[in-house]
Amino acid sequence: MTQANTPMTDDPICLISNWIPKLDALPLECDGMTRCISALLADAKIEHLVHFGELSAQGRKPIIHCWIELSSSEIVDLRARMWMGDKPGVPHGVFTHASASAVSYMTRSKQTPDQFAASNWLFEILTGQSLEAFKG
């Protein structure tokens with residue numbers, strides 16, 4: 001049995017992959033989704049930064065967007081396809097810049113999790129579940 005706030009694995013990508021089905025089902029756009037992911041990552045003590053900027057694809061107008069970058073440089077984004085469509089090269093989940101061949105990320109600013117992550121009560125408002133229940 002693990003203690004509260006202790007990840008069951010040290011692999012952040014494995015943890016995030018386990019959260020994706022629950023996160024995908026939420027009716028959130030990139031800002032709310034990024035707050036929730038950041039809260040889960042912060043709770044699991046996984047270093048990351050929140051990026052604010054633009055997401056663009058050839059032939060499309062750039063959109064204002066936010067996403068997460070892990071300390072290992074992978075990107076976490078579950079809402080790129082909401083705006084760019086479910087096409088080859090449009091990323092979803094945890095990925096590298098190189099695998100996101102159909103889109104381009106341009107960072108305008110960054111924040112740390114303590115500046116942006118949803119608090120416990122905001123996480124519950126956004127997801128309908130507590131942080132602890134969500135992880136279980």
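**Entry 1: F116**

I started with F116, which is buried at a relative accessible area of 5%. Everything here comes from a predicted model, so I am reading computed values throughout. F116 sits in helix 4, residues 113–116. I listed what F116 touches, leaving out residues up to four places away in sequence, and got D31, T34, R35, V50, F52 and Q111.

**Entry 2: the whole chain**

Next I stepped back to the fold. I counted six helices and five strands in the protein chain. Going along the sequence, the pattern reads α-α-β-β-β-α-β-β-α-α-α. The radius of gyration is 14 Å, close to the 14 Å from the globule rule for 136 residues, so the chain is as compact as a globular protein of that length. I also took the box along the principal axes, and the C-alpha atoms fill roughly 50 × 30 × 25 Å.

How much of the chain counts as buried? I get 40% of the 136 residues. The accessible surface comes to about 7,500 Å², and carbon and sulfur atoms hold 53% of that. For contacts with a separation of 6 or more, I find that 57% are between residues 24 or more positions apart.

**Entry 3: the cavity**

I went looking for voids. The structure holds one cavity of 30 Å³ or more, and the volume of this largest cavity is about 40 Å³. I noted its lining as C30, M33, T34, I37, C66, W67, I68, V76, D77, L78 and R79. The elements that give two or more residues to that lining are helix 2 (30–43), strand 2 (63–70) and strand 3 (75–77).

Which element gives the largest share? I have helix 2 down for that, with four residues. By residue type, the lining divides into eight nonpolar, one polar and two charged.

**Entry 4: R79**

Is R79 buried or exposed? R79 has 6% relative accessibility, and the cut-off for buried is under 20%, so R79 counts as buried. R79 is in the loop between strand 3 and helix 3 (80–84). Setting aside its neighbours within four places in sequence, I find R79 in contact with L23, D24, L26, L28, E29, C30, M33 and H65.

**Entry 5: G93**

I looked up G93 next and found the glycine in strand 4, residues 93–95. G93 counts as buried at 2% relative accessibility. Beyond residues up to four places away, G93 touches I20, I75, V76, D77 and L78.

**Entry 6: M106**

M106 is in strand 5, residues 104–111. I had to check which class M106 falls in: at 40% relative accessibility, it counts as partly exposed. What does M106 contact, leaving aside its neighbours within four places in sequence? I have F52, G53, E54 and W67. M106 and Q58 are 48 residues apart along the chain, with C-alpha atoms separated by 14 Å.

**Entry 7: positive phi values**

Last, I went through backbone angles and wrote down two residues other than glycine with positive phi. K45 has phi near 60 degrees, and S73 has phi near 85 degrees.

Where do they sit? K45 is in the loop between helix 2 and strand 1 (48–56), while S73 is in the loop between strand 2 and strand 3. For cover, K45 is exposed with a relative accessible area of 64%. S73 counts as partly exposed, at 43% relative accessibility.

Definitions and conventions: Residues are numbered from 1 along each chain as its sequence is written. This is a predicted model: local features need pLDDT of at least 70, side-chain atom pairs count only at pLDDT 80 or more; totals for chains, interfaces and linings use all residues. Side-chain values use heavy atoms; hydrogens and water are left out. On a 1 Å grid over the protein atoms alone, a cavity is a set of points where a 1.4 Å probe fits but cannot get out, and a pocket is an open set with protein on both sides within 12 Å along at least five of seven lines; lining residues have an atom within 4 Å of a point. Grid points are joined across faces, edges and corners, and a volume is the space filled by probe spheres set on the points. Ala, Val, Leu, Ile, Met, Phe, Trp, Tyr, Cys and Pro count as nonpolar, Asp, Glu, Lys and Arg as charged, and the others, Gly among them, as polar. Buried means under 20% relative accessible area, exposed over 50%, partly exposed in between (1.4 Å probe, protein chains only). Contact means heavy atoms within 4.5 Å. The radius of gyration is taken over C-alpha atoms; the globule rule is 2.2 Å times the number of residues to the power 0.38. Accessible areas come from the Shrake-Rupley method with a 1.4 Å probe; for residues, only the protein chains shown count as cover.
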